[in-house]
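Please consider the following model together with its sequence. The paragraphs below lead through selected features of the backbone, the surface and a sheet.

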Amino acid sequence: MNAHYRQTISDKLDTLKQQGNYRYFQDVNKSAKHFPRFYFDDETGKKKSAVNWCSNDYLCMSIHEDVISKLSFTAHHSGVGSSGTRNISGTTGYHKQLEESVANLHGKEAAIIFNSAFLANLSTLATLGRAFSDAVFISDERNHASIIEGIRSSGCKKIVFKHNDVQHLEEVLSALPAEQSKIIVFESVYSISGNVAPVQEITALAKKYNALTYIDEVHAVGLYGATGAGIAGQQGLQNEVDIINGTFAKAFGTLGGYITTDAMMADYLRSFASGFIFTTSLPPAICSATIKSIELVKQNNEWREQFHGAVKKLRALLADKQIPFHTNASHVTAVHIGDNISCKAIADRLLNEFGIYLQPINPPTVKEGEACLRITVTAKHTESDMQQMVNALSIVMHETV
Ligand code: PLP
């Protein structure tokens with residue numbers, strides 16, 4: 001590489017490191033048998049294990065025997081990759097069944113699946129914007145990077161409204177011409193703060209101002225509502241939201257993302273979204289394992305109850321130790337640290353001295369000065385795991401912050 005290119009790239013990396021925002025990728029050699037425990041080599045090459053406190057495998061579906069069996073059976077039956085885009089030999093019965101299963105979960109007419117929810121957001125929003133030349137996206141200020149990228153790719157105008165602030169949203173809506181196309185984009189459970197959106201108020205405003213609504217339910221699907229349809233489903237609002245986005249990669253424990261909507265909109269997106277059309281489709285085995293996972297998650301509401309019970313327990317233990325955490329109506333428990341360097345220092349000590357893995361969350365995932373530790377409990381964390389984590393966190397936080 002020419003010196004000019006080397007220097008520019010090297011300067012970018014140096015700046016990132018100086019800001020404390022360099023991303024470290026911890027090896028997490030997951031064990032299906034011992035989850036949430038995993039294995040890694042420390043800096044000296046020594047074999048170690050730790051407990052994972054930042055996995056999104058909330059219901060532990062990635063290690064559920066029936067899901068693993070489906071994956072393995074279908075891979076033996078159909079091979080590993082689909083080896084084709086959806087319209088050039090990459091559609092199987094499993095892909096179609098999975099789309100039906102998703103639409104059914106959300107009470108919608110149709111669904112289309114993507115290789116990730118990131119891609120679903122990016123591609124759907126970009127394609128949606130292109131349908132309406134006058135469209136303006138009205139986007140919550142805390143929306144995920146995939147939403148921001150999707151809106152940017154649409155080339156449409158964007159107005160950001162204050163996080164979860166329906167009054168500000170109404171000010172924005174009311175200032176726009178009545179005939180202008182408006183698309184409100186928000187999340188139901190925000191990934192880092194865990195704040196829950198006022199879905200009912202937002203959909204009511206959308207109706208009043210004739211706007212389309214797009215909700216990202218990535219951190220809610222599987223976990224909220226009697227069948228795990230997410231926050232809109234839990235509140236009986238799935239028909240009030242035009243397009244719902246979700247993932248298979250968190251509570252369902254597999255891989256891929258989706259949008260679900262009415263039949264005509266799904267047909268439009270299937271026909272125009274390049275991130276759907278021009279990429280090899282998900283492996284059939286992943287689709288089949290996901291169908292099984294959704295079926296189990298839908299049927300077993302007690303798993304959700306136990307999961308939310310564990311979140312309560314964890315928060316009680318944190319409160320006992322006077323560790324402040326961001327309160328919200330969801331399962332995401334974020335402990336505010338503030339500066340990036342301290343956040344990384346705390347996380348390093350937790351891992352190396354206590355066998356506790358909490359990935360520091362630094363900018364640009366959060367705003368500058370809002371570095372935090374995002375704690376996620378899963379169905380397999382025991383009360384004793386919780387106690388150990390909270391004790392270690394208390395010691396390290398007192399010594400570091
Ligand atoms: N939307 C939100 C709010 C997320 O937090 C994430 C990932 O963490 C995504 C979308 C992307 O999901 P996926 O991992 O399926 O690409």
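Q322 is exposed in this predicted model, because its relative accessible area of 69% lies over the 50% limit. Q322 is placed in the loop between α12 (301-320) and β11 (333-338). Although Q322 is a residue other than glycine, its phi has a positive value, near 55°. A positive phi also occurs at C60, about 60°, and C60 is not a glycine either. C60 belongs to the loop between β3 (47-52) and α2 (65-78), and with a relative accessible area of 4% C60 is buried.

Most residues other than glycine have a negative phi, and most peptide bonds are trans. Two cis bonds may be considered next. From F35 to P36 the peptide bond is cis, with omega near 10°; P36 is in the loop between β1 (29-30) and β2 (37-41). P363 and P364 are likewise joined by a cis peptide bond, with omega about 5°, and P364 lies in the loop between β13 (360-361) and β14 (371-375).

The next topic is a sheet. Seven strands form an open sheet with mixed pairing, in the order β4-β10-β9-β8-β7-β5-β6. Its edges are β4 (110-114) and β6 (157-161); each has a single partner strand, so one side of each is left without a neighbour in the sheet. On average, neighbouring strands of this sheet are turned by 20° against each other, direction ignored. Within the sheet, β7 (residues 182-187) and β8 (residues 212-216) run parallel and are joined by five bridges, and I183 stands opposite L212 in β8. Across β7 and β8 lies helix α7 (residues 199-208), which runs at about 175° to β7.

Methods
Residues are numbered from 1 along each chain as its sequence is written. This is a predicted model: local features need pLDDT of at least 70, side-chain atom pairs count only at pLDDT 80 or more; totals for chains, interfaces and linings use all residues. Side-chain values use heavy atoms; hydrogens and water are left out. Two strands pair if DSSP finds at least two bridges between them. Helices (H or I, at least four residues) and strands (E, at least two) are DSSP runs, numbered from the N terminus. Axes are lines fitted to C-alpha atoms, for helices over the stretch in contact, and angles run from 0 to 180 degrees between N-to-C directions. Contact means heavy atoms within 4.5 Å. Buried means under 20% relative accessible area, exposed over 50%, partly exposed in between (1.4 Å probe, protein chains only).
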